[in-house]
Structure formats: structure tokens, C-alpha cells
Amino acid sequence: MYGGGGSSDVALPIFNLERLDLSNNSFTGGIPLLDNFTLLRSLDLNSNALTGSIPSLDSLIKLRTLALYNNSLIGNIPSLHSLGSLEYLELYINKLQGSIPSLDGLNNLLYLSVSNNVLTGPIPSLAGLRRLQGVWLENNTLTGPLPPLDGPTELRILMANSNKLNGSISSSLSRLSQLEYVCLSNNGFTGRLPSLVNASGLQSLQLDDNRLSGTLDGVFDQTRQVNLSIIQLSSNQLVGTIPEEIFQLPSLQTFAMASNCVRGPLPFESMCNSSSLQSLLLDGLHTASTCRNLLFGEQAPQLYSLPR
């Protein structure tokens, strides 16, 4: 690892360090071997110009924070099996390849962020991560289904958009009462949306650009989901009518359902009585490639104004 002001090697001989923060500099080269840093609790090298692969982490048994994001690191993510104390794993915005290693044993993990890499393979099991609060996996090439989410009961953020994930969306999503933000857009999810009425903390749900089907009946509940403000469902294969309960959600600001297989009539009374609604995107409701329904029957649509 070299300093940005010259070519002199920056040696790291102080093996008693508990915290090493060299973030937001212009260091280049690779990360040196870390085998002797057995007391290290926090390693923060984010926002440099580091290259090469991540060295073995096996000796960092006390490590709580690993922040290597915003570099140009390549290769596979090394084994994490020795990092039982790890709370923050931040590897986003690199060029890391291969699959995400097993997360078994990371019982203290709070935040997992590996977005904006070139990772492949399935999402590993999250079953034992009961303290997990945030997962960022977006903008990779991950495949396979979304794993069951029964384990991380404290999960608040789930971001896995812009991958190649498929299969159905697990009903375990509804059992996460603290879940606030879900973004699974731009994948290949299929099947019907599970009921989300027990996800009472939900604030934003973005599932656009998938192949979801079925109706929206029983998915939302205006009496429980009082903080839900964003629902993005465009470019799917959803059918049926739009339930009036959606526009009775007290905090709803954005509802998008363009390019689906929805039929009329629309719940205009609920739509016009929504005091919080700011953005309504319903263009091409019946234009998904798998359907061709008449939204308004044979009559021309009427024009309605939403209250300010």
C-alpha cells in the first residue's frame, strides 16, 4: 500500500493496534497481510484507490468493522468464518467477483453491504443473523431465489435490486414487523405477492421490473401500514383491479403501477380523497406484454383531479 504523495511503502508494523483508519486518502496498491493484527477491532480503508484482492481475514477474530468500500478491489471475498464479532461488513463499490461467502457464525452482524460489485451466485443463508438490520446487495449479478427471512427478525433495510434473482417472494417478508425499506426491482421474481399486512413498519416497497403476477387483494392494510409512503409495482404482470385500500394508506405519497395487466374500474373516490398522494403513475395499466385488457371498457375515460 502506497501513499498518494510518493512511492514510498507505508509499512504497518504496529501489531497492537485496535483501530486503523486510513480512509479518504489516495493510497494505491494492495492491502498488506493482516495476519498479525489479532487485536484489531476496526479496519477502515474506504475511499482510496486500492487494488488487488482482500487478504485473509482469519486472524482478525476481534474485528467489528471492516470498511473497504469505494476502492478498486478485485477477486473473491475471503472466508468470513473467523469473524464472529463482526458488526459492519462494508465492501460496496469495488470490483469483487465470485459468490458471497457463507455468513454462518456471524451472529453479531448488523449491516451487510456488498452492492455495486460483480458478484455472482446465490444469496447465502441469513438464518442465524438475528441482529441483522440492513442488507445491500444491489447492482451485482446474483442469481437464485431470495432466501427465507425468518432469521433476521430485526431487519429494517433489504436492497437487492438490479440482479438476476428469481423465484417467488417469500411470505416471511410479512413477518418482519421492523422492515422499513424493500427494493427488489429489476430482477426476475415471479408469482403472487404475499400479504404484507404484518410488515407494519414498512415505508417503501419497490418491486418494479419483475414478472410478478396475481392480484393485490389482501396485500396491504391501511390500518396497520400507517407509514407506507412509496409503492412501486410498474412493469410486472399483475392482474385484477387496484384495491381502494391502497389509496387509504394514510402516508401514501407515490403509487406506480404502469405496464401491468390491470383492469378497471379504478377506485377514483379513494384516489381523490387521498390527502398525502403526490405522484400517481398509472400509464399503460393494461400494456404488459402478456395481456391486453380494456381498462375503461368501451367508454372514454373521465378526467379527475386529485385534491391538493
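Begin by selecting Asn48, which is found in the loop between strand E3 (42-44) and strand E4 (49-50), and keep in mind throughout the tour that this is a predicted model. Asn48 has a relative accessible area of 11% and is buried. With its side chain displayed, look for the backbone nitrogen of Phe27, which lies 3.1 Å from a polar atom of that side chain of Asn48. Then widen the selection to the surroundings: leaving aside neighbours within four places in sequence, Asn48 is in contact with Leu22, Ser23, Asn24, Asn25, Ser26 and Phe27, and also with Asn70 and Asn71.

**The salt bridges**

Select next the charged side chains, among which the structure holds 5 salt bridges; three of them are visited here. One of them joins the side chains of Arg19 and Asp21, with a distance of 3.6 Å from N to O. Arg19 counts as exposed at 59% relative accessibility, whereas Asp21 counts as partly exposed at 37%.

Move on to Arg175 and Asp150, whose side chains meet in a salt bridge at 2.7 Å, N to O. Arg175 lies in the loop between E12 and strand E13 (181-183), while Asp150 lies in the loop between E10 and strand E11 (157-159), so this pair ties together parts that are 25 residues apart in sequence. Colouring by accessibility would show Arg175 as exposed, at 52%, and Asp150 as partly exposed, with a relative accessible area of 42%.

Now select Arg156 together with Glu180, which form a salt bridge whose closest N and O atoms are 3.6 Å apart. This pair, too, links distant parts of the chain, since Arg156 sits in the loop between E10 and E11 and Glu180 in the loop between E12 and E13, 24 residues apart. Arg156 is partly exposed, its relative accessible area being 22%.

**The open sheet**

Switch to a cartoon view and select the strands of the open sheet, which has 5 strands in the order E8-E10-E12-E14-E16, with parallel pairing. Strand E8 (120-121) and strand E16 (211-213) stand at the edges, and each has a single partner strand, so one side of each is left without a neighbour in the sheet.

E8 runs parallel to strand E10 (residues 141-144), and 2 bridges join them; here Gly121 stands opposite Leu142 in E10. From E10 the next step is to E12, the two strands pairing in the parallel sense over 2 bridges, and selecting Gly144 brings up Leu165 as its bridge partner in E12.

Continue from strand E12 (residues 164-167) to strand E14 (residues 188-192), which run parallel and are joined by 2 bridges. In this step, Asn166 has Gly188 in E14 as its bridge partner, and Gly167 has Phe189 in E14. The walk ends with E14 and E16, a parallel pair joined by 3 bridges, where the bridge partner of Gly191 is Leu212 in E16.

**The aromatic rings**

For the last stop, display the aromatic side chains, for which the count comes to 4 aromatic pairs. The rings of Tyr69 and Tyr92 have their centres 4.4 Å apart and their planes at 10°, so this pair is stacked, the cut-off for stacking being planes under 30 degrees apart. Tyr69 lies in the loop between strand E5 (65-67) and strand E6 (88-90), and Tyr92 in the loop between E6 and strand E7 (111-113), so the pair ties together parts that are 23 residues apart in sequence.

The accessibility of these two tyrosines deserves a careful reading. Tyr69, with a relative accessible area of 19%, is buried, and Tyr92, with a relative accessible area of 21%, is partly exposed; the two fall into separate classes because buried means under 20%.

Finally, select Tyr88, Tyr111 and Trp136 together: these three residues form one aromatic cluster.

Notes:
Residues are numbered from 1 along each chain as its sequence is written. This is a predicted model: local features need pLDDT of at least 70, side-chain atom pairs count only at pLDDT 80 or more; totals for chains, interfaces and linings use all residues. Side-chain values use heavy atoms; hydrogens and water are left out. Rings of Phe, Tyr and Trp (its six-membered ring) pair if their centres lie within 6.5 Å; planes under 30 degrees apart count as stacked, over 60 as edge-to-face and the rest as tilted. Helices (H or I, at least four residues) and strands (E, at least two) are DSSP runs, numbered from the N terminus. Buried means under 20% relative accessible area, exposed over 50%, partly exposed in between (1.4 Å probe, protein chains only). Two strands pair if DSSP finds at least two bridges between them. A salt bridge is a side-chain nitrogen of Lys or Arg within 4 Å of a carboxyl oxygen of Asp or Glu. A polar contact is a pair of N or O atoms within 3.5 Å; within protein, one must be able to donate a hydrogen and the other to accept it, and residues adjacent in sequence count only if both atoms are side-chain atoms. Contact means heavy atoms within 4.5 Å.
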